[in-house]
Amino acid sequence: MSTQAPTFTQPLQSVVALEGSAATFQATISGSPVPEVSWFRDGQVLSSAALPGVQISFSEGRAVLTILAVTNAHSGRFSVRATNGAGQATSTAELLVTAETAPPNFLQRLQSSTVRQGSQVRLDTRVTGIPAPTVRFYREGAEIQSSADFRILQDGELHSLLIAEAFPEDSGSYSVTATNSSGRATCTAELLVQGEEVVPAKKTKTVVSTAQVSQSRQTRMESRTEASFRTTTMMELQMEGAELTQHLAHKTPPRVPPKPMSKSPTSSVIVAKVTGGRQQSPSPVRHVKAPTPTPVRCVVLDGLYRPGQGAVLLTSVVFFSDP
């Protein structure tokens, strides 16, 4: 087990007490093993038996000596000594007994402040009074108890509230009161704890080179030219198809040759007998009317125009007739 010499995390503070009132000395001590504590007045060991009306205690590192009703005979230097196997330490303070009284008076008042989140905050005030006033700190009207997060410190007339790490929820109105038998005094200040700022993300810009812009424009122009060419070619082919249909409709139907007569002798005799001596007229020629040609349409479904080459490649053409 490691050892540690005694140290005073909070030493004794001098006290000014009104005659007949109570006076208290207190100190906080640390050490390992737990040190033994002794009190002295003007260098003499002090005990309850040697000085009636004195109460002495030591618990959880806190040493306290209280004189219930002080007189001028109690004035002097009071000391507390802490000792263990690793060493010792001593703290000393004065006790002044007076018949005069004075209400609390702030020599230094609390100051308002604005801090960043995570900062350490210290609120200081300096106050006097006879007898020595009792000082308490408050936030929004609620008393603050000394803890690891909010430490209340005293060094003579200086009283401090130490906030180890401030957060936005610690913002508010802080006050301190000093009270003794002659009166009471209060001072107030504001504390603002600013949270962390959110930095907006930087907007990114897309940089397009001149070559990319030119290529993009050329591609769009070629696409428009090809689409225009397809439309024009389709219209021209439709017109040519219509002209072809009209031409076919007015064309003279083909002439059908007459049906050859039979060469049988018997048939020739019979015909001669029937006709007798009449002059035989030539056989009439029957004209057979050809069916009306069906209009034909030609539609280009797809074509490819090659800029700069002056050429058109038809990749898909369909011919169809109307029913």
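This is a predicted model: local features need pLDDT of at least 70, side-chain atom pairs count only at pLDDT 80 or more; totals for chains, interfaces and linings use all residues.
Trainee: Which elements give two or more residues to the lining of the largest pocket?

Mentor: One reads a lining by going back from its residues to the elements that carry them. Here strand 2 (15-18), strand 3 (23-32), strand 12 (121-130), strand 13 (134-139) and strand 15 (150-155) each give two or more residues to the lining, and strand 3 gives the most, with six residues.

Trainee: How do the residues of that lining divide into nonpolar, polar and charged?

Mentor: The lining of the largest pocket has 16 nonpolar residues and 15 polar ones, together with four charged residues.

Trainee: Let us turn to the strands. How many helices and strands does the protein have?

Mentor: The protein has two helices and 20 strands. Five of the strands form an open sheet, whose order is 11-18-17-13-14 and whose pairing is mixed.

Trainee: In what sense do strand 17 and strand 18 pair?

Mentor: Strand 17, which covers residues 172-180, and strand 18, which covers residues 183-194, pair in the antiparallel sense over nine bridges. To follow the pairing at the level of residues, take Ala-178, whose bridge partner in strand 18 is Ala-185.

Trainee: Which residues is Ser-175 in contact with, leaving aside its neighbours within four places in sequence?

Mentor: With those neighbours set aside, Ser-175 is in contact with Leu-110, with Arg-136, Phe-137 and Tyr-138, and with Thr-186, Cys-187 and Thr-188.

Trainee: What percentage of the residues of the whole protein count as buried?

Mentor: Of its 323 residues, 26% count as buried. The protein exposes about 22,000 Å², of which carbon and sulfur atoms supply 53%. As for contacts with a separation of 6 or more, residues 24 or more positions apart account for 63% of them.

Key. Residues are numbered from 1 along each chain as its sequence is written. Side-chain values use heavy atoms; hydrogens and water are left out. Two strands pair if DSSP finds at least two bridges between them. Helices (H or I, at least four residues) and strands (E, at least two) are DSSP runs, numbered from the N terminus. Contact means heavy atoms within 4.5 Å. Buried means under 20% relative accessible area, exposed over 50%, partly exposed in between (1.4 Å probe, protein chains only). Accessible areas come from the Shrake-Rupley method with a 1.4 Å probe; for residues, only the protein chains shown count as cover. Ala, Val, Leu, Ile, Met, Phe, Trp, Tyr, Cys and Pro count as nonpolar, Asp, Glu, Lys and Arg as charged, and the others, Gly among them, as polar.
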